[in-house]
Amino acid sequence: MKELLNRMTKQKEILALFIILILAIFLRFWQLGKVPASPDWDEAALGYNAYSILKTGKDEYGQFLPLILRSFDDYKPAVYAYLATLPIKFFGLNLWAVRLPSAIFGVLAVFLVYLLVKELFRNSLSATRWALLSAFLLAISPWHLQFSRAAFESGVGMTLNILIALLFLKGLKKPWFFILCALFAGLNIYVYQAEKIFTPFLVLALLIIWRKDWLKLPKKYLAVALLTGAILVLPFIKMTLSNPEIFLRAKGTSFASDQTVFLSRTAQKLIRDINNNDYLGLILDNRRITYLQSFLSGYLSHFNFNWLFIAGDDARHHAPGMGLLYLAELPFFVYGIYWLIFNQKHRQAKFLLFIWFLLAPLPAAFTSGVPHAVRALRFLPVVQVFTALGLMNFWQKIEKFPSWKKFPVFFAVLGFFIFNFGYFFNQYFVQLNYFTSQAWQYGYEQAVKEVKKIEGNYEKVIVSNQPYLDQSYMFFLFYLKYDPAAYQRTGGTVSGGFAEDRNSFDKYVFRPIKWSEEEKSKHILYVGRADDFSVGASVHKTINFLDGKPAIVIVKGE
């Protein structure tokens, strides 16, 4: 009888997990190429560079099998581009294919969270429920959905962090898993910039927390794991030392990127301190203290509940009208943290979760524009694990209530969650494209199709690269599916960075349009913003954002 009950319980667990994964797949794959409505410049760049590597073995700049993509001089890690090569090979160069790896890794993260929580709390009677609930919350998470439905490298890095922790814990029982753990840890530093900081600290935390366990294992497995990690990390170290320009993007996003502006107030304070003989001020008002204050301010900004649950940050990072997490999760998230702090069980698992949670905003704290949802995505899945724990313990408490109290409370909480999810579903799948199409640089696909129809009538096509049409050359390469070998021969190896004000290939020239100074030949076609042209310009077609405002205007140079 006991064996039969265990089998029935296991079947229910498998069925519940199956339903959660189906839900995760649906939410990540439904309208994947249509919501968001357009690729942003990074998605277009990852897609075209993947296409270029697939066709020529080189990126847009002619670099053979690169580990880092120069791209717009932001030096993106290249792993995502390699992941996208296979979908592009089978489905062509299109937005759906470029986003496919992100969606797959998003679903994989849901499954891995289930496995990780079960492994962390395997001695707990509620481990299965905790694991399933954590996976469910991640499956429907607005924050996770936002970054697993677009080509963000950050989502892949987050998934690999979960896998690394899971493989480490598995390795405590079967040491050969340590080799796989080292393999993915080494690989993850090539996935996204934040992982270069977060992943080493995560591995260090695992080693410290479970030091008594792994030190007892056969040394041969540990040696092979160490060698595997070293082999993967050494090329990155060599590349870093020999190519300091790969840090250009990091310097550009650092809170100290503009030294003059950043330190001007400090300099003024120091002058006052000297004039007033304020020796304490001389100690406190120096650039090192200023840097520390900025770092701490950036770090702590990520624990702002208004950012997490109400407002969010950039329009591309959350559904309109809501934050990164469900407001309904807030009380249970706090309660889960409270319960875990004061619970004496699961000490090692508890330490890992809290260290993970505290490390999550560390990579973003060094940058400007904080809080930042992409760079702090490592908060997931710990937020869901805390929330699941809060929900479970809340249910245990209300189970003791009499029915006339228990069921109203239960249905009130359930109703709030359903309303919150329904609101998110509407805001993301219905409203997002209308409200954020400009942020997603909408209009290029339609513009390229229209230009393609009539370009034979013109000797030259001049395309603006001014704000909201930034890096327009990449969108034309992407939608024209322009031959990467031809682009590498005619311009890809010498232009295209953030600093470039001009790029070209074939008959296309990408530069600012100054209408009063243009020659306006009938042999030239112009593609730009409405503001680039004066009243009376011969407009061939206007392409609007999805809210009806003009996005891209195609003008004949008569």
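The model is predicted; local features need pLDDT of at least 70, side-chain atom pairs count only at pLDDT 80 or more, and totals for chains, interfaces and linings use all residues. Residues are numbered from 1 along each chain as its sequence is written, and side-chain values use heavy atoms, with hydrogens and water left out. Helices (H or I, at least four residues) and strands (E, at least two) are DSSP runs, numbered from the N terminus.

**Aromatic pairs**

- The whole structure holds 58 aromatic pairs. Rings of Phe, Tyr and Trp (its six-membered ring) pair if their centres lie within 6.5 Å; planes under 30 degrees apart count as stacked, over 60 as edge-to-face and the rest as tilted.
- Phenylalanine 357 belongs to helix 18 (residues 347–359), while phenylalanine 379 sits in the loop between helix 19 (362–365) and helix 20 (382–398), so the pair ties together parts 22 residues apart in sequence.
- Phenylalanine 357 is buried, at 10% relative accessible area. Phenylalanine 379 is buried too, at 2%. Buried means under 20% relative accessible area, exposed over 50%, and partly exposed in between (1.4 Å probe, protein chains only).

**Charges over rings**

- Arginine 99 lies over the face of tryptophan 440, 5.9 Å from the ring centre.
- Lysine 520 lies over the face of tryptophan 515, 4.9 Å from the ring centre.
- A charge sits over a ring if NZ of Lys or CZ of Arg is within 6 Å of the ring centre and within 35 degrees of the ring normal.

**Helix 21**

- Helix 21 (residues 403–436) has 34 residues. From first C-alpha to last, helix 21 reaches 46 Å, close to the 50 Å expected at 1.5 Å a residue. The expected span is 1.5 Å times one less than the number of residues.
- A kink of about 50° is centred on valine 430. The bend at a residue is the angle between axes fitted to the seven residues ending there and the seven starting there.
- Buried residues of helix 21 include Lys406, Val413, Phe417, Asn420 and Phe424.

**The second largest pocket**

- This pocket holds about 650 Å³ of space. Its lining has 18 residues; Leu133, Phe136, Leu391, Phe410 and Leu414 are the closest to its centre.
- Helix 5 (127–139), helix 20 and helix 21 each give two or more residues to the lining. Helix 21 gives the largest share, 6 residues.
- On a 1 Å grid over the protein atoms alone, a pocket is an open set of points where a 1.4 Å probe fits, with protein on both sides within 12 Å along at least five of seven lines; lining residues have an atom within 4 Å of a point. Grid points are joined across faces, edges and corners, and a volume is the space filled by probe spheres set on the points.

**Backbone exceptions**

- Most residues other than glycine have a negative phi, and most peptide bonds are trans.
- The bond from valine 370 to proline 371 is cis, with omega near 0°. The bond from leucine 380 to proline 381 is also cis, with omega near 10°.
- Proline 371 is in the loop between helix 19 and helix 20, and proline 381 is in the loop between helix 19 and helix 20.
- Leucine 65 has a positive phi of about 40°. Leucine 65 is partly exposed, at 44% relative accessible area.
- Histidine 346 has a positive phi near 55°. Histidine 346 is partly exposed, at 21%.
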